[in-house]
Amino acid sequence: MIKSCVALAAVVCAAVATPVPGHGQVFLASRPHPDFMIGPLFVVASVSPGTPDVTVNLSWSLTTGPVTSKANIEQDLYLLWPAEIVEATAPGPADPQLTRELERRGLSVVGSGRLVLRSRDRMQVGTAALGEPVSVTPSFANFTRPGSQSGVVTYIKIPWTSSMADPISIVTLVMPFRGLLVPKAGTWLEDLFWGRRQVLTAGFGDLGPPALGLFALYYERRDRIVHLARDYSLLIANFGDSDHLKIEEISPPTAVRRQSRVRAGGEVVALTLLPSQDVATQSLRVQYHYFTGRINWRPIVISAVILLVTNFAGVFMLSTDVSRRIRRRRRARRRFEAAAASVNGVPSRDSLVTLIPAGTRYDEVVARFGQPDEEHERVTPPGRRTLLYRGGNGGEHHEVAIELYDDRVREITCITSR
């Protein structure tokens, strides 16, 4: 899984020199050990139900060091992002130098275009207003490493504008990204119970796995890192339709969750970005899912179904056990009745005389008197069967032959031998 994160790479270029893009998910300057920082920085990732893409609003300004003025840092900025821009937001092709820089390093460009850069006054920060477009349009290129399945990342060139040095305004770049949302891995039972869950990961300063190719770009100019200033900087995840939103997990626990004060029906998870003198990853991870209806009905319905199934299973098991007990009692009662109806170990005459008028069947005879001592079946003519019951008492030997034809008792013979 590729983490979604935010980082900028700024390269300082002389007025007569060709701009050299910075590489990596951090700010970079064209000269080592830059004397300026970025701040404030606001990274806002907006999620809408049913939409696989995430719109990111990136707003920032520059903060100078003790001996540097903003007028002396006129330079293009470069942004590397470990996700793919879905579509351009401004007309026109990308700067050819941007794609050539990537192709010279053996990277494969899969798409390019331009983006709208806006400037907004400090009073518009925290509102839905994006500001007014500036005269320059950043270029972007989506690229990947050939021969690998590491995914598509984006390289953005932001031409210099005086708005980045304005002390009372900030610049904003709006980018629609694909790949910032990933499905939560789970079993089929979890998906059935909770539905399809998603994970949003947004951050700052994350280079991603080395396989992405971003690390190699950053590593070449790692001595030009521009750190995050000690300004108020935030990482925000905006979720629409909070009435149908279920947030299951937020990491880190220091993140704050609240209702949106800007978007009606929205919910916000915010994390304060801390300044650091090293390349430190600061990320926000939110696991969530959207549901339909007035309430989150899926867990309720699934729980009710499981409860009904277990109850039916219990009733079935109980009924099976009860039926088994009843059958045992019936067999014991039949054996007792057969024993009571027998004389000298064979059926009594009183019990035998009732068999023929009733047209007793074979199964009924066996159920009443038990299994016979012998059983004869004639082949020709078919359908005739003889059941022999034998018993004795002292010097007498008793034998009862019950003749059945077409599975019904037709004749009974009793034989006594002394």
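In strand 26, Thr416 is the bridge partner of His398; helices (H or I, at least four residues) and strands (E, at least two) are DSSP runs, numbered from the N terminus. That bridge belongs to a set of nine that join strand 25 (residues 396–405) to strand 26, and the two strands run antiparallel. This is a predicted model, in which local features need pLDDT of at least 70 and side-chain atom pairs count only at pLDDT 80 or more, while totals for chains, interfaces and linings use all residues. Residues are numbered from 1 along each chain as its sequence is written, and side-chain values use heavy atoms, with hydrogens and water left out.

Four strands form an open sheet in the order 23-24-25-26, with antiparallel pairing; two strands pair if DSSP finds at least two bridges between them. At the edges are strand 23 (374–377) and strand 26 (408–417), each of which pairs on one side only. On average, neighbouring strands of this sheet are turned by 20° against each other, direction ignored. Helix 7 (residues 362–369) lies across strand 23, strand 24 (384–393), strand 25 and strand 26, and runs at about 15° to strand 24. Axes here are lines fitted to C-alpha atoms, for helices over the stretch in contact, and angles run from 0 to 180 degrees between N-to-C directions.

Within strand 14, Leu200 is the bridge partner of Leu181.

Leu200 also leads us to Ala237. Leaving aside neighbours within four places in sequence, Ala237 is in contact (heavy atoms within 4.5 Å) with Ala45, Leu200, Glu267, Val268, Val269 and Leu284. Ala237 is found in strand 16 (residues 234–239). Ala237 counts as buried because its relative accessible area is 1%; buried means under 20%, exposed over 50%, and partly exposed in between (1.4 Å probe, protein chains only). The C-alpha atoms of Ala237 and Ala270 are separated by 6.4 Å, although the two residues are 33 apart along the chain.

Now for some helix residues. Thr99 lies in helix 1 (residues 96–104), and its relative accessibility is 17%, so Thr99 counts as buried. Not counting residues up to four places away in sequence, Thr99 touches Val109, Ser112 and Ala141. Val301, by contrast, is found in helix 4 (residues 297–340) and is partly exposed because its relative accessibility is 39%. Together with Val305 and Val309, Val301 makes a nonpolar surface patch of about 230 Å². Areas like this come from the Shrake-Rupley method with a 1.4 Å probe; for residues, only the protein chains shown count as cover.

Finally, step back to the whole chain. There are seven helices and 26 strands, and 44% of the 418 residues are buried. Among contacts with a separation of 6 or more, 66% are between residues 24 or more positions apart. The chain exposes about 22,100 Å², of which carbon and sulfur atoms supply 54%.

Technical notes
Patch = residues over 30% accessible without salt bridge, like charges linked within 9 Å, V, L, I, M, F, W, Y side chains within 5 Å. Salt bridge = Lys/Arg side-chain N within 4 Å of Asp/Glu carboxyl O.
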